[in-house]
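Here is a note for a colleague who is starting to read protein structures. Please keep the sequence and the model open beside it while working through the points.

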Amino acid sequence: MPELPEVETVRRGLESLIIGKIVKAEVHDTKKGFPNAPNDVNAFLIGASIVAVRRRAKVLLIDLSSDYSLVIHLKMTGQLVFVGKTRFGAGHPNDSLINSLPDKSTRVKLTFDDNSKLFFNDQRKFGWVKLMPTVEIQNIDFMKKVGPEPLEADFTKEQFKERFTRRARTNIKAAILDQTVVAGVGNIYADESLWGAKIHPKRLVASITNNEFDQLYTELREVMNLAIEKGGSSNHTYINAEGKRGSYMDFARVFRREGLACPRHPDVIIEKLRVAGRGTHICPVCQVE
Ligand SMILES: [Zn+2]
């Protein structure tokens with residue numbers, strides 16, 4: 001599953017490439033991959049131009065001039081490939097990124113008026129592309145529940161701390177992974193930011209001090225911004241707009257580094273635990289339970 005930085009990498013790549021008017025939509029998986037009425041497709045997708053490419057949490061939103069939007073969830077193996085004057089693939093890295101398309105994983109193919117194309121491929125078919133009125137996106141159940149965007153400029157330390165009060169009796173790792181607390185944080189950036197803030201992932205939210213919340217806020221934003229800068233995490237098998245594998249994992253301090261030394265403590269080995277049902281990486285000296 002991609003995390004916020006991976007989807008943001010996809011968004012930034014698409015934003016500069018998909019411009020123009022959609023003239024054709026070919027769909028190979030109507031039930032799950034593209035559950036939209038043909039009448040809506042003809043009325044609101046065909047002939048519409050791209051107005052904006054947005055992201056909310058891990059969901060990609062392509063706004064159209066018809067006041068409809070394409071809502072896209074890549075899930076486990078979704079992938080978007082643009083073929084025009086330049087070609088790039090973003091998402092699950094398999095041969096479909098470089099093969100001639102469509103191939104057997106192609107679910108949706110959009111053709112633009114300059115004959116460039118956008119392919120939505122998805123081997124395991126968990127992902128989807130939904131066409132809906134732009135104003136209705138805010139009414140999707142997930143959108144009503146999802147927490148604030150942690151990288152927004154106006155998201156403050158005070159708001160961050162306040163979001164956790166709803167999960168006071170759970171451990172901090174479970175709380176930070178809860179999408180209703182903050183949006184888009186998954187396993188990699190949870191472990192990296194907790195190590196950065198020197199907080200043990202099993203500690204109860206109620207035990208975290210104001211100073212520790214401040215540290216966690218700063219660390220979370222730093223690791224996510226760094227990951228976007230580096231094009232997402234290659235360990236999650238996402239590649240960026242230029243077709244390069246993301247390199248955040250080259251900078252990871254604890255994630256999937258069990259058995260290696262803590263960057264702060266050359267003599268201490270990073271351990272792997274299970275917290276909140278997830279593989280969790282800690283330094284037993286930096287992070288005390
Ligand atoms: Zn350490």
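The numbered points below take up a strand and its neighbours, a metal site and some salt bridges.

1. Before anything else, please bear in mind that this is a predicted model, and that the residue numbers used here count from 1 along each chain as its sequence is written.

2. Which strands pair with strand 3, and in what sense? On one hand, strand 2 (residues 50–56) pairs with strand 3 in the antiparallel sense over six bridges, and within this pairing A52 stands opposite D63. On the other hand, strand 4 (residues 68–73) pairs with strand 3, again in the antiparallel sense, over four bridges, and there L61 stands opposite V71.

3. The turns that join these strands also deserve a look. The hairpin of strand 2 and strand 3 has two residues between the strands, and A57 takes a positive phi near 55° in that hairpin. The hairpin formed by strand 3 and strand 4 has three residues between its strands, and in its turn D67 has a positive phi of about 70°.

4. Turning to the metal site, the zinc ion has as its protein donors C262 (SG), H265 (ND1), C283 (SG) and C286 (SG), which lie 2.2 to 2.3 Å from the ion. The four donor atoms subtend angles of 105 to 114° around the zinc ion, and therefore the arrangement is tetrahedral. For reference, the ideal angle for four tetrahedral donors is 109.5 degrees.

5. Along the sequence, the donor residues of the zinc ion follow the spacing C-x2-H-x17-C-x2-C. H265 lies in strand 11 (residues 265–269), whereas C286 belongs to the segment after strand 13 (278–282), so this pair ties together parts that are 21 residues apart in sequence. H265 counts as partly exposed, at 24% relative accessibility, while C286 is buried, with a relative accessible area of 8%.

6. The count of salt bridges in the model comes to 15. One of them is formed by the side chains of R11 and E8, at 3.0 Å from N to O; both residues lie in helix 1 (residues 4–17), three residues apart, or about one turn of the helix, and both are buried.

7. How far apart in the chain are E149 and R55, which form another salt bridge? Their closest N and O atoms are 2.9 Å apart, yet the pair links distant parts of the chain, since E149 sits in the loop between helix 3 (141–145) and helix 4 (157–163) and R55 in strand 2, 94 residues apart. E149 counts as buried at 9% relative accessibility, and R55 is buried as well, with a relative accessible area of 16%.

8. A further salt bridge joins D191 and K173, with the closest N and O atoms 2.6 Å apart. This pair also links distant parts of the chain, with D191 in helix 6 (residues 187–196) and K173 in helix 5 (residues 172–177), 18 residues apart, and both residues are buried. Elsewhere, salt bridges that share partners join E8, R11, R12, E15, R55, R56 and E149 into one network.

Terms used:
This is a predicted model: local features need pLDDT of at least 70, side-chain atom pairs count only at pLDDT 80 or more; totals for chains, interfaces and linings use all residues. Side-chain values use heavy atoms; hydrogens and water are left out. Two strands pair if DSSP finds at least two bridges between them. Donors are N, O and S atoms within 2.8 Å of the metal (3.2 Å for Na, K and Ca); water is not among the atoms, so sites may look incomplete. Four donors count as tetrahedral if all angles lie between 85 and 135 degrees; four count as square planar and six as octahedral if opposite donors are over 155 degrees apart and all others between 65 and 115; anything else is irregular. Buried means under 20% relative accessible area, exposed over 50%, partly exposed in between (1.4 Å probe, protein chains only). A salt bridge is a side-chain nitrogen of Lys or Arg within 4 Å of a carboxyl oxygen of Asp or Glu.
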